[in-house]
Amino acid sequence: MSFAEPPTSPLSRALFRAPVWIYRAGLGPLMGGRFVLLTHKGRSSGQARQAVLEVLEHDRGTGEVLVASGYGARAQWFRNILREPRVLFQVGGVRHRGHARPLPPQESGQALARYAARHPRSAASLMRALGHRADDSAEAYARIGADTENGTPVVRLVPAGPRRPGTLTA
């Protein structure tokens, strides 16, 4: 199975959106610290949009989170945060207002390599599914993360203030 292209059929889109519905149902804590619900503003519509992304790194002290754009610079959420970096994000049951900041290419590559070192099987499967050729070396993952044309950029989600449980509005 390949995920090199975003889902196009109604069924595949629904399956990819299922984690969003889990968060919307108030079950975010079941997702643990491995996933983040990102709420961002559509660059054309101005409407709130949501995506669930895998967490590469999470600093529980500051609340900062690193996420990767598996579809690279063509991902809709990635294009949206470039236009409007103010976001809401939720990891487990903790919600934040904050900003999304793409990492510079070299830092992006280093973050992806650190993730691959901690989760080698997940990283290898994900890279294959996205159409990337990566051996198990840190250099291969660093190269994919740093590739600004066809790679997997990494974004830092930075809280604007203290952690807040409960509901936030956009």
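Q: What makes the Glu-54 and Arg-34 side chains a salt bridge?
A: They meet at 2.8 Å, N to O. Helices (H or I, at least four residues) and strands (E, at least two) are DSSP runs, numbered from the N terminus.

A: A quick word on what you're looking at: this is a predicted model, where local features need pLDDT of at least 70 and side-chain atom pairs count only at pLDDT 80 or more, while totals for chains, interfaces and linings use all residues. Residues are numbered from 1 along each chain as its sequence is written, and side-chain values use heavy atoms, with hydrogens and water left out.

Q: Why are Glu-54 and Arg-34 called partly exposed?
A: Buried means under 20% relative accessible area and exposed means over 50%, with partly exposed in between (1.4 Å probe, protein chains only). Glu-54 comes out at 24% and Arg-34 at 30%, so both land in the middle band.

Q: How many salt bridges does a search of the whole structure find?
A: Four. Another of them joins Glu-57 and Arg-114 at 2.5 Å, N to O. Glu-57 is in strand β2 and Arg-114 in helix α3, so this bridge ties together parts 57 residues apart in sequence. Glu-57 is partly exposed at 22%, and so is Arg-114, at 37%.

Q: Why does Glu-84 count as buried, while Arg-86 is called exposed?
A: Glu-84 has 16% relative accessibility, which puts it on the buried side. Arg-86 has 52%, which puts it on the exposed side. Their side chains still meet in a salt bridge, at 2.9 Å, N to O.

Q: What makes the nonpolar surface patch?
A: Leu-11, Leu-15 and Phe-16 make it, at about 340 Å². Patch members have over 30% relative accessible area and no salt bridge; like charges are joined within 9 Å, nonpolar side chains (Val, Leu, Ile, Met, Phe, Trp, Tyr) within 5 Å. Areas come from the Shrake-Rupley method with a 1.4 Å probe, and for residues only the protein chains shown count as cover. Phe-16, which lies in helix α1 (residues 10-24), has 40%, so it clears the area cut-off.

Q: What covers the buried residues of α3?
A: The buried ones are Ser-108, Gly-109, Ala-111, Leu-112, Ala-113, Tyr-115 and Ala-116. Their cover includes β2, β3, α4, α5 and β6, where contact means heavy atoms within 4.5 Å.

Q: Which residues does Arg-49 touch?
A: Leaving out residues up to four places away in sequence, Arg-49 touches Leu-38, Thr-39, His-40, Gly-42 and Asn-80. Arg-49 lies in strand β2 and is partly exposed at 38%.
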